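I want to look up how the chain folds and what surrounds the ligand.

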Amino acid sequence: MVAYPYTYAGGNIEIVCGPMFSGKTEELIRRVRRAQIAKQKVQIFKPGIDNRYHETDVVSHSAMTVKAVPVSNSSEILDKLYDSTRIVAIDEIQFFDDEIISVIKKLARRGIRVIGAGLDQDYKGIPFGPIPTLLAIADRVDKISAICTVCGMSASKTFRKVCDDDNQVLVGETDFYEARCRLHHDEEENIETLPRETSLEQDNSLAAV
Ligand code: ADP
Ligand code: MG
């Protein structure tokens with residue numbers, strides 16, 4: 001048996017991803033609350049760009065809320081970290097630059113459990129910022145879905161209701177977006193879709209779970 005030259009210190013990386021309205025923030029808050037019940041020291045961060053609902057709170061679309069520290073760049077997370085912190089939760093991770101990847105790896109190496117939540121794709125269905133790499137290096141990934149606003153099926157995409165091709169992100173207004181299944185996203189984005197073999201009305205096997 002090989003004797004490993006290090007002791008596992010308990011650090012790990014968990015990423016929760018999916019489209020808007022899929023419950024990423026709710027899930028992040030749920031994990032944070034459980035850690036707080038276990039009396040583990042948690043610090044929650046969010047990018048300063050995301051002040052949709054509140055300057056210093058992480059707020060879900062269903063109004064769940066938890067206090068957070070807004071940061072203007074990823075290295076600020078390390079600057080603001082307390083020695084006693086066991087868990088770091090970061091919401092809206094897609095808004096950070098690529099440096100967030102090394103910051104998260106450093107945190108995990110220090111033995112910290114990192115919980116990150118963010119959009120895996122932008123409104124065009126393109127992988128979002130640092131998320132693809134984070135999904136690859138994570139110890140645990142949960143890809144969750146919303147409900148398609150057109151057909152009620154499982155939604156993995158975010159549809160932008162207003163036309164503004166110059167900006168990847170329209171921050172400040174969740175009214176600009178809605179959750180869509182692949183079909184109802186791609187059809188309206190004019191992304192080529194194949195003819196449907198089964199009608200959605202007949203096939204409920206994939207209905208919102
Ligand atoms: P996310 O962080 O992924 O954008 P939130 O955790 O903020 O999502 O909000 C999830 C909540 O949004 C759901 O529990 C539900 O109350 C609400 N919601 C509104 N529209 C939808 C939708 N189309 N599909 C699923 N949930 C929705
Ligand atoms: Mg959210």
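This is a predicted model: local features need pLDDT of at least 70, side-chain atom pairs count only at pLDDT 80 or more; totals for chains, interfaces and linings use all residues.

Below are my entries, in the order I looked things up.

**Entry 1: overview.** I counted secondary structure to begin with, and the chain has five helices and twelve strands. Of its 209 residues, 35% count as buried. I also checked how far along the sequence the contacts reach. Taking contacts between residues at least 6 apart in sequence, 73% join residues at least 24 apart.

**Entry 2: the sheet.** In what order do the six strands of the open sheet run? I read it off as β5-β2-β6-β7-β1-β8, with parallel pairing. The edges are β5 (69–71) and β8 (140–143), since I find each of them pairing on one side only. From one strand to the next, the twist averages 20 degrees.

I then zoomed in on one pair inside this sheet. β2 (residues 42–47) runs parallel to β6 (residues 87–90), and four bridges link them. I picked Gln-43 and looked for its bridge partner in β6, which turned out to be Val-88.

**Entry 3: helices on the sheet.** Helix α3 (residues 99–109) packs on the sheet and touches β1, β6 and β7. Its direction makes about 155 degrees with that of β7. I looked at α1 next: this helix lies across β1 (12–18), β2, β6 and β7 (113–119). Against β7, α1 runs at about 165 degrees.

**Entry 4: the core.** Which residues have the most contacts inside the largest nonpolar core? I got Ile-44, Val-88, Ala-89, Ile-104 and Val-114, in a core of 42 residues. At least two core residues come from each of β1, α1, β2, β6, α3, β7 and α4 (131–137). α3 gives the most, with six residues.

**Entry 5: around ligand 1.** I count 15 residues around ligand 1, and those that come nearest are Lys-24, Thr-25, Ser-60, His-61 and Ala-146. I sorted the shell by type and got five nonpolar, eight polar and two charged residues. Which elements supply at least two residues of this shell? They are α1 (24–37) and β9 (146–147). α1 gives the most to the shell, with three residues.

**Entry 6: the β11 and β12 pair.** I moved on to β11 (residues 157–160) and β12 (residues 177–180). These two pair in the antiparallel sense over four bridges. Lys-157 stands opposite Arg-180 in β12. I wanted to know about the faces of β11: are they covered or open? Both are covered, with Lys-157 and Phe-159 buried on one side and Thr-158 and Arg-160 buried on the other.

**Entry 7: Pro-127.** Last stop is the loop between β7 and α4, where I found Pro-127. Why does Pro-127 count as partly exposed? Because I get 14 C-beta neighbours for Pro-127 inside 10 Å, and a residue needs 20 or more to be buried, or 12 or fewer to be exposed. Leaving out neighbours within four places in sequence, Pro-127 is in contact with Asp-120, Gln-121 and Pro-132. I also took the distance to Gln-94, 33 residues away along the chain: the C-alpha atoms of Pro-127 and Gln-94 are separated by 9.4 Å.

Notes: Residues are numbered from 1 along each chain as its sequence is written. Chains are lettered from A and ligands numbered from 1 in the order in which they are written. A residue is near a molecule or strand if its C-beta atom, placed from the backbone, lies within 6 Å of it. Ala, Val, Leu, Ile, Met, Phe, Trp, Tyr, Cys and Pro count as nonpolar, Asp, Glu, Lys and Arg as charged, and the others, Gly among them, as polar. Two strands pair if DSSP finds at least two bridges between them. Axes are lines fitted to C-alpha atoms, for helices over the stretch in contact, and angles run from 0 to 180 degrees between N-to-C directions. Two residues are in contact if their C-beta atoms, placed from the backbone, lie within 7 Å. A nonpolar core is a set of buried Ala, Val, Leu, Ile, Met, Phe, Trp, Tyr and Cys residues joined through C-beta atoms within 7 Å.
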